[in-house]
Amino acid sequence: MTPLEYEYLRKLLKERSGLDLSADKQYLVESRLIPLARKAGLMGIGELVQKIKSGSDALIVDAIEAMTTNETFFFRDKIPFDHLRQTVVPELLQARSSRRSLRIWCAASSTGQEPYSIAMCLKEFAPQLSGWRVEIIATDLSLGVLEKARAGIFSQFEVQRGLPIQLLVKHFRQVGELWQLNADIRAMVQHRQLNLLQDFSHLGTFDVIFCRNVLIYFDQETKIGVFNRLAKSLEADGVLALGAAESVVGMTDAFKPYPERRGLYRPNPARGTRSGPALKMVAAAG
Ligand SMILES: C[S@@+](CC[C@H](N)C(=O)[O-])C[C@H]1O[C@@H](n2cnc3c(N)ncnc32)[C@H](O)[C@@H]1O
């Protein structure tokens with residue numbers, strides 16, 4: 001691959017997916033895109049770039065899919081899910097008791113282990129949530145991972161990563177060498193394609209947003225833009241969960257850390273998010 005071809009692909013990937021590749025990641029692009037070029041019957045990266053330049057949008061989509069990292073596992077990092085069970089859901093059960101609805105968004109949901117972990121946590125609250133409208137919306141840029149997530153079928157290796165044995169027995173059934181998540185948990189999650197670089201205000205506002213292990217691939221400017229839009233999509237008393245290597249510190253003041261809950265953030269009332277000022281006025285009036 002020539003330096004010019006690398007530069008072209010680097011720019012394209014950043015514009016379309018946010019992926020921010022440093023100048024020394026040529027080997028990574030080659031190792032992921034050469035197989036794609038061969039599969040498309042092309043000689044190599046040079047021809048792939050030519051084909052993309054001549055307007056093959058399908059190849060761009062395939063190149064983005066090939067370059068994204070889909071690494072995920074059940075109850076990844078454990079702590080956010082403990083917080084969800086121990087603090088976040090109990091608090092929301094109180095705060096939303098008159099509205100009786102809960103909206104959770106899992107952005108960059110990959111092959112489904114994360115939104116299904118959230119669903120299994122919520123299932124534990126089934127008696128308290130009876131009669132409530134509970135939505136878990138899982139979104140990802142990649143159609144390939146969404147298709148796998150919808151099927152809810154996981155390998156032995158995948159269910160051995162992070163999933164407690166009691167939950168495997170309770171919520172999965174064995175199909176040959178694979179494990180399928182039971183229909184009740186699958187039905188709790190709606191999967192949709194969504195690019196975090198694009199407007200997502202149409203999704204409405206959420207009580208909880210999990211946006212984990214995706215912003216690490218973006219540059220600072222892109223991260224800030226996503227954080228500021230996430231803040232508008234979160235209720236004033238809502239909670240944002242980030243990945244273990246991610247933080248809002250030095251990026252935005254739209255969120256502040258949730259006290260004593262590592263990895264969790266709340267909208268910053270001083271910033272006045274979508275519903276923030278209104279809530280403050282209600283509190284002042286009361
Ligand atoms: C490393 S996985 C993280 C999955 C899960 N959130 C977790 O923490 O286990 C990153 C996911 O982000 C998705 N992704 C990458 N760029 C994206 C974008 N611009 N918009 C939405 N999703 C994106 C990828 O397709 C991939 O499934």
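Which helix gives the largest share of the lining of the second largest pocket? Before getting there, a word on the model: it is predicted, with local features needing pLDDT of at least 70 and side-chain atom pairs counting only at pLDDT 80 or more, while totals for chains, interfaces and linings use all residues. Residues are numbered from 1 along each chain as its sequence is written, and side-chain values use heavy atoms, with hydrogens and water left out.

The answer is helix H4 (residues 57–67), with 3 residues; helices here are DSSP runs of H or I, at least four residues, numbered from the N terminus. A pocket is an open set of points on a 1 Å grid over the protein atoms alone, where a 1.4 Å probe fits, with protein on both sides within 12 Å along at least five of seven lines; lining residues have an atom within 4 Å of a point. Among the residues lining the second largest pocket are Arg16, Glu65 and Asn195.

The largest pocket holds about 450 Å³ of space, a volume being the space filled by probe spheres set on the grid points, joined across faces, edges and corners. The ligand sits in this pocket, meaning that more than half of its atoms lie within 2 Å of the pocket's grid points.

As for polar contacts (pairs of N or O atoms within 3.5 Å), a ligand nitrogen is 2.7 Å from a side-chain N or O atom of glutamate 114, and a ligand nitrogen is 2.8 Å from one in asparagine 195. On the arginine 76 side chain, a polar atom lies 2.9 Å from a ligand oxygen.

Key:
Helices (H or I, at least four residues) and strands (E, at least two) are DSSP runs, numbered from the N terminus. A polar contact is a pair of N or O atoms within 3.5 Å; within protein, one must be able to donate a hydrogen and the other to accept it, and residues adjacent in sequence count only if both atoms are side-chain atoms.
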